[in-house]
Amino acid sequence: MEHKVNLEEISDGKLYTLNDMVRLGCDGCQGNASCCRFAEDTITLDPYDFYQLAILPGLSFEALYTRQLIALNPADRLLLPHLNFSAKTNSCPFLEENGMCRIHACRPGLCRLFPLARYFKDNALYYILQIYECPNPVTPKVKLKKWLGIPDAEQYEGFLIRWNRLVTETKQRIEKASGHAEQSALTTAFLKIFFLTPYQTELPFYPQFEERLKVKF
């Protein structure tokens with residue numbers, strides 16, 4: 001989900017890139033995982049996230065939705081899936097009782113970034129350090145690319161930029177649609193093409209995503 005905020009109020013005022021060194025870390029958690037609580041519907045998932053989750057047994061989109069581990073958020077009338085935080089504990093559905101992440105190796109991109117956040121500007125992707133989000137002590141600097149921990153990080157960034165543009169353009173199309181039926185058809189098609197149709201985890205993700213971009217809806 002996109003949020004309109006004043007960067008000076010939530011960050012150190014810098015825009016970081018993959019090769020920058022940033023002072024962040026999780027050494028102080030010790031199983032408390034404060035970042036895995038109280039996020040509600042803000043951990044929006046993208047196709048790459050579902051490709052990663054599908055590597056684990058029983059975590060297809062259908063299974064995740066049926067088990068209420070994810071929910072669909074109508075962001076500007078476009079249904080975008082997000083982690084479904086517990087109404088009782090306000091914690092991530094994958095957070096274990098011991099405070100550890102059950103899907104850490106395949107965790108979503110926004111989880112990997114924390115306490116960083118994405119910032120799209122001029123068809124480029126930057127990162128901001130949210131200075132009030134993590135209560136743990138300041139740790140030594142780490143290269144952002146290493147912190148992200150995703151192979152082919154540059155290619156992944158390219159996907160994120162294209163995905164962000166597609167989401168923005170689809171929202172605009174829905175807003176301009178002539179009526180509810182057309183809006184519903186666009187939303188349903190978008191959901192089916194990029195989420196409901198399973199990704200083949202034995203094959204590379206990016207070519208599969210490129211093929212789906214060619215589908216007219």
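**Side-chain contacts in close-up**

**View 1. Cys101 is partly exposed, with a relative accessible area of 30%.** Here buried means under 20% relative accessible area, exposed means over 50%, and partly exposed lies in between, with a 1.4 Å probe and protein chains only. The model is predicted: local features need pLDDT of at least 70, side-chain atom pairs count only at pLDDT 80 or more, and totals for chains, interfaces and linings use all residues. Residues are numbered from 1 along each chain as its sequence is written, and side-chain values use heavy atoms, with hydrogens and water left out. The cysteine sulfur closest to that of Cys101 belongs to Cys36, and at 6.2 Å it is too far for a bond. Cys106 is buried, with a relative accessible area of 7%. For the sulfur of Cys106, the closest cysteine sulfur is that of Cys101, 9.5 Å away and likewise too far for a bond. The count of disulfides (pairs of cysteine sulfur atoms within 2.5 Å) comes to zero.

**View 2. Tyr48 and Tyr156 form one of the 26 aromatic pairs found in a search of the whole structure.** The ring centres are 5.0 Å apart and the planes stand at 55°, so the pair is tilted. The two residues are 108 apart in the chain, Tyr48 in helix 2 (residues 47–53) and Tyr156 in helix 6 (residues 153–176). Rings of Phe, Tyr and Trp (its six-membered ring) pair if their centres lie within 6.5 Å; planes under 30 degrees apart count as stacked, over 60 as edge-to-face and the rest as tilted. Helices (H or I, at least four residues) and strands (E, at least two) are DSSP runs, numbered from the N terminus. Tyr48 is buried at 8% relative accessible area, and Tyr156 is buried at 1%.

**View 3. Phe159 and Phe205 make an edge-to-face aromatic pair.** Their centres are 5.2 Å apart, with 85° between the planes. Phe159 belongs to helix 6 and Phe205 to helix 8 (residues 205–213), so the pair ties together parts 46 residues apart in sequence.

**View 4. Two arginines, Arg173 and Arg212, lie over ring faces.** Arg173 sits over the face of Phe217, 4.9 Å from the ring centre. Arg212 sits over Tyr199, with 3.6 Å to the ring centre. A charge sits over a ring if NZ of Lys or CZ of Arg is within 6 Å of the ring centre and within 35 degrees of the ring normal.

**View 5. Glu210 and Arg162 meet in a salt bridge, at 2.7 Å from N to O.** Glu210 is in helix 8 and Arg162 in helix 6, so this pair ties together parts 48 residues apart in sequence. Glu210 is partly exposed at 32% relative accessibility, as is Arg162 at 34%. The whole structure holds four salt bridges, each a side-chain nitrogen of Lys or Arg within 4 Å of a carboxyl oxygen of Asp or Glu.

**View 6. Two further salt bridges join Glu154 to Lys145 and Glu211 to Lys214.** For Glu154 and Lys145, the closest N and O atoms are 2.7 Å apart. Glu154 is partly exposed at 45%, and Lys145 is partly exposed at 27%. The side chains of Glu211 and Lys214 meet at 3.0 Å, N to O. Glu211 counts as partly exposed, at 48% relative accessibility, whereas Lys214 counts as exposed, at 56%.
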